[in-house]
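Hi,

Here is the structure I promised to pass on.

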Protein chains: 2
Amino acid sequence: MLGRWTPLSHPDIADVTVDDVLRALADPTRRHILRLLVTEGDRPCGTFGLSVAPSTLSHHFRALREAGLIRQWDEGRKRMNTLRLDELDARFPGLVAAVLAAD
Amino acid sequence: MLGRWTPLSHPDIADVTVDDVLRALADPTRRHILRLLVTEGDRPCGTFGLSVAPSTLSHHFRALREAGLIRQWDEGRKRMNTLRLDELDARFPGLVAAVLAAD
């Protein structure tokens, strides 16, 4: 699995646009992932209680990472996730919180 | 122009989803339209200072209306627009303001 060992790319927060963030947030599964990161902290991909196919889940995490919403890194066999909340709040004050509170 | 005289449909605010709102907001032209409605009040379609093709503009207004963000009505030859801010704020508190403040 080459993908497992290629470095994970993360956009600089200055390059993240409102459009990127809103498109990434316009999905209930992705909002569920972010909400769990807010309430329960950093965690590996397999622990979000989502009954979706692994490929679908992988797509959602990638969409969140490429939009600048989460940071991912590998710890052994686990892929960890953290919300980039401080950076996002500095760039788009209150935006993530307002969206996550909306449903 | 049949479209001019067919009744304009507006979703009930209870049927508007977060996904609808975020997808509609994920576009700078549409945010510009909403921002002008917030700051300068109700106004006809032709007065938003946008240098885009009429068909493109029409598409954006329709996307905003179908997502539940604006209400439109005809006054003579003008199509008027108002932001459904009270309804949106009751359903998604602070969401529209946070998005419009983001860029």
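This is a predicted model: local features need pLDDT of at least 70, side-chain atom pairs count only at pLDDT 80 or more; totals for chains, interfaces and linings use all residues.

Chain B has an open sheet of three strands, in the order β1-β3-β2, with antiparallel pairing. The edges are taken by β1 (43–44) and β2 (70–75) of chain B; each has a single partner strand, so one side of each is left without a neighbour in the sheet. If you want to see how β1(B) joins on, look at β3 (residues 78–83) of chain B: the two pair in the antiparallel sense over two bridges. Pro44(B) sits opposite Met80(B) of β3(B) there.

Two helices of chain B pack on this sheet. Helix α3 (residues 28–40) touches β1, β2 and β3 of chain B, and its direction makes about 80° with that of β3(B). Helix α4 (residues 54–66) of chain B touches β2 and β3, with its direction at about 120° to that of β2(B).

At the start of α2(A), a side-chain oxygen of Asp27(A) comes to within 2.9 Å of the backbone nitrogen of Thr29(A). Thr29(A) is also buried, and so are Arg30(A), Arg31(A), Ile33(A), Leu34(A), Leu36(A) and Leu37(A) in this helix. After α2(A) comes Gly41(A), with a positive phi near 80°.

Cheers

Definitions and conventions: Residues are numbered from 1 along each chain as its sequence is written. Chains are lettered from A and ligands numbered from 1 in the order in which they are written. Side-chain values use heavy atoms; hydrogens and water are left out. Two strands pair if DSSP finds at least two bridges between them. Helices (H or I, at least four residues) and strands (E, at least two) are DSSP runs, numbered from the N terminus. Contact means heavy atoms within 4.5 Å. Axes are lines fitted to C-alpha atoms, for helices over the stretch in contact, and angles run from 0 to 180 degrees between N-to-C directions. Buried means under 20% relative accessible area, exposed over 50%, partly exposed in between (1.4 Å probe, protein chains only). A polar contact is a pair of N or O atoms within 3.5 Å; within protein, one must be able to donate a hydrogen and the other to accept it, and residues adjacent in sequence count only if both atoms are side-chain atoms.
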